[in-house]
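Student: I have a new model on my screen. Can you show me how to read it?

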Amino acid sequence: MSKDEKDKTQIIDKDLDLSNAGRGVWLVKVPKYIAQKWEKAPTNMDVGKLRINKTPGQKAQVSLSLTPAVLALDPDEKIPTEHVLDVSQVTKQTLGVFSHMAPSDGKENSTTPAAQPDNEKLYMEGRIVQKLECRPIADNCYMKLKLESIRKASEPQRRVQPIDKIVQNFKPVKDHAHNIEYRERKKAEGKKARDDKNAVMDMLFHAFEKHQYYNIKDLVKITNQPISYLKEILKDVCDYNMKNPHKNMWELKKEYRHYKTEEKKEEEHKSGSSDSE
């Protein structure tokens, strides 16, 4: 057995006063606005009057009226005063009301007596025999209260509000570091100036002597020309491949090519070998 289980066993095994175990009590569910009023009320204040009308052969009629003293706790808040209690029997459950009393303070109701200190005495105040649900009479006061609760529930949690002073906890960044770094790098490289068209064509022809295909980024680096200006020249002397295996690559037009194809190389190799014989 773990330490926690031992502690729980010690608390559960405390003495429990069962002198009122045979007493029947009611479990009443009240609206939230009544519970809030009762929480504000002093301990010696009458909070309501309960009326029970019994008719032979019929279920008892139970009603609750709030006292003027409770309503005066918050005069600006108008709440219904007359309520009807729907009664239902407790048949398939065993429910009880417990309380505890510490040596230093008086008796207090508690739903979890096992969580109280060991030196407290526990009492069973009674067994729940009936459940009652308190509901207000649908008068004008209740309808206004319900309308106000619906209005508050429909209000958005967040609202856009104008401000008339500077908020110090957050300010947007005027310029991000990566943007500043990019501009400084472009400034250090200098603006690309357009060279003479013939000079650019010479650079292109010299590059295509090394490789047959280039993409536009490589040609920009080789010629150091603005990309729009370079494309104008490329359209005059090159073809743009739209299909694989050299898709999106530039190649010299046929009239500017001076490299030999593989077939011609093989033919020249064969003719050279026959002449040597």
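This is a predicted model: local features need pLDDT of at least 70, side-chain atom pairs count only at pLDDT 80 or more; totals for chains, interfaces and linings use all residues.

Student: What does the secondary structure of the protein come to?

Tutor: Nine helices and ten strands. Of the 277 residues, 22% are buried. The protein exposes about 22000 Å², and carbon and sulfur atoms supply 52% of that area.

Student: How do I tell whether Ile128 is buried or exposed?

Tutor: Look at relative accessible area; under 20% means buried. Ile128 has 6% relative accessibility, so this residue counts as buried. Ile128 sits in strand 8, residues 121-136.

Student: Which residues does Ile128 touch, beyond those up to four places away in sequence?

Tutor: Val25, Leu27, Val90, Leu95, Gly96 and Val97. Leu27 is 101 residues away along the chain, yet the two C-alpha atoms are separated by 6.4 Å.

Student: Strand 8 also holds Glu125. Is Glu125 buried or exposed?

Tutor: Buried, because its relative accessible area is 13%. The Glu125 side chain makes a polar contact with the side chain of Ser99, at 2.5 Å.

Student: Which residues have the most contacts inside the largest nonpolar core?

Tutor: Leu204, Leu219, Leu230, Leu234, Cys238 and Trp250, in a core of 17 residues. Helix 6, helix 7, helix 8 and strand 10 each supply at least two residues of this core. Take Leu234: leaving aside neighbours within four places in sequence, this residue is in contact with Leu204, Ile216, Leu219 and Trp250. A second, separate core has ten residues, including Tyr33, Leu85, Leu132 and Cys134.

Student: How many salt bridges does the count come to?

Tutor: Nine. For each pair, ask where the partners sit in the chain. Lys37 and Glu77 meet at 4.0 Å, N to O. Lys37 lies in helix 2 and Glu77 in the loop between helix 3 and strand 5, so the pair ties together parts 40 residues apart in sequence. Lys37 is buried at 3% relative accessible area, whereas Glu77 is partly exposed at 29%.

Student: Where do Arg151 and Glu148 lie?

Tutor: Both are in helix 4; being three residues apart, they are separated by about one helical turn.

Technical notes: Residues are numbered from 1 along each chain as its sequence is written. Side-chain values use heavy atoms; hydrogens and water are left out. Helices (H or I, at least four residues) and strands (E, at least two) are DSSP runs, numbered from the N terminus. Buried means under 20% relative accessible area, exposed over 50%, partly exposed in between (1.4 Å probe, protein chains only). Accessible areas come from the Shrake-Rupley method with a 1.4 Å probe; for residues, only the protein chains shown count as cover. Contact means heavy atoms within 4.5 Å. A nonpolar core is a set of buried Ala, Val, Leu, Ile, Met, Phe, Trp, Tyr and Cys residues joined through side-chain atoms within 4.5 Å. A polar contact is a pair of N or O atoms within 3.5 Å; within protein, one must be able to donate a hydrogen and the other to accept it, and residues adjacent in sequence count only if both atoms are side-chain atoms. A salt bridge is a side-chain nitrogen of Lys or Arg within 4 Å of a carboxyl oxygen of Asp or Glu.
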